[in-house]
Amino acid sequence: MEILRCEKLTKVYGSGAGQVTAVNGIDLSVEQGEFVAIVGASGSGKSTLLHILGSVDQPTSGKVIVEGTDIAGLSPTKAAIFRRRKVGLVYQFYNLIPTLTIRKNILMPLLLDKRKPNSDYFDQVVTTLGIQDKLEALPGQLSGGQQQRAAISRSLIYRPAILLADEPTGNLDRKNSEEIMDLLKISNRNLKQTILMVTHDEKIALEAGRIVTMEDGRIISDRKLS
């Protein structure tokens, strides 16, 4: 089942001689449960595309349809609600609130929405990601890899339609990078989570099930891996 579709998606910054087309007429379809890596050189438009898919940025033109809803023209308020309810965002910097415990950081999307967490699902997520014994710690008491596990747990707690990961291993050493990729694959396989991941690391991209390559704001290759 298709969960995400882009139609003629374009993003232009600036005007006149300084105009830059970061995303240039992209068409893309993603099925529920896919794990897609988006790769390309710096400036290829991959992070801009990811920000548009997560409604962090708005396109200049085109459509972004998530679960049947075109999110491209949402107001800032509705876009914020959409992100909280439908999109899990994971960055290379963990964006955890330093004064809150790991438990509260993970539950923050639900607390903001005044929703009661499903304790069974919470336990499943933190156990799957291996931080069930770190829930009462503060972020500063955890290693970088553990903080990224907490950030991924937070992104999954709402059961988002899509999880968007922007260089999720970019701030980690090779060992922790491999562990985080293993956890993303487990989330994809065991929790049936749809994942789109931006990375510049070809070895990391090969861990996904599909690789989309961008250049100059366009998709130049789209291949599924065996």
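Start by selecting V87: its bridge partner is I162, in β7. Keep in mind as you go that this is a predicted model. Now widen the selection to the two strands, β6 (87-91) and β7 (162-166). They run parallel, and five bridges join them.

**Out to the whole sheet**

Next, show the six strands that make up this open sheet, in the order β6-β7-β8-β3-β9-β10. The pairing is mixed. At the edges you will find β6 and β10 (218-224), each of which pairs on one side only. Follow the sheet across, and the twist from one strand to the next averages 15°.

**The helix on the sheet**

Helix α5 packs on this sheet, where it touches β6 and β7. Its direction makes about 165° with that of β6. Select residues 144-156 to pick out α5. How far apart should its ends be? At 1.5 Å a residue, its 13 residues should span 18 Å, and the end C-alpha atoms are 19 Å apart, which agrees.

Is α5 mostly covered or mostly open? It is mostly covered, with 11 of its 13 residues buried. Among them are G145, Q147, R149, I152 and L156. To see what covers the helix, display the elements that its buried residues pack against: besides β6 and β7, these are α3 (102-112), α4 (119-128) and α6 (174-190).

Now colour the nonpolar residues. In soluble globular proteins, nonpolar side chains tend to be buried together. Here, the largest nonpolar core has 39 residues, and I102, I106, L156, L184 and M197 are those with the most contacts inside it. Several elements supply at least two residues each, including β3 (35-39), α5, β8 (195-198) and α7 (202-205).

Zoom in on I106. Beyond its neighbours up to four places away in sequence, I106 touches F122, V126, I131, L135, A150, S153, R154 and I157.

Another core, of 28 residues, lies apart from the largest one. To find it, select L9, I26, I52 and L164, which are among its members.

**Last stop: S187**

Finish in helix α6, at S187. Is this serine buried or exposed? S187 has a relative accessible area of 1% and, because buried means under 20%, it counts as buried. Leaving aside neighbours within four places in sequence, the residues in contact with S187 are L129, L156, K192 and Q193.

Conventions: Residues are numbered from 1 along each chain as its sequence is written. This is a predicted model: local features need pLDDT of at least 70, side-chain atom pairs count only at pLDDT 80 or more; totals for chains, interfaces and linings use all residues. Side-chain values use heavy atoms; hydrogens and water are left out. Helices (H or I, at least four residues) and strands (E, at least two) are DSSP runs, numbered from the N terminus. The expected span of a helix is 1.5 Å times one less than its number of residues. Buried means under 20% relative accessible area, exposed over 50%, partly exposed in between (1.4 Å probe, protein chains only). Contact means heavy atoms within 4.5 Å. Two strands pair if DSSP finds at least two bridges between them. Axes are lines fitted to C-alpha atoms, for helices over the stretch in contact, and angles run from 0 to 180 degrees between N-to-C directions. A nonpolar core is a set of buried Ala, Val, Leu, Ile, Met, Phe, Trp, Tyr and Cys residues joined through side-chain atoms within 4.5 Å.
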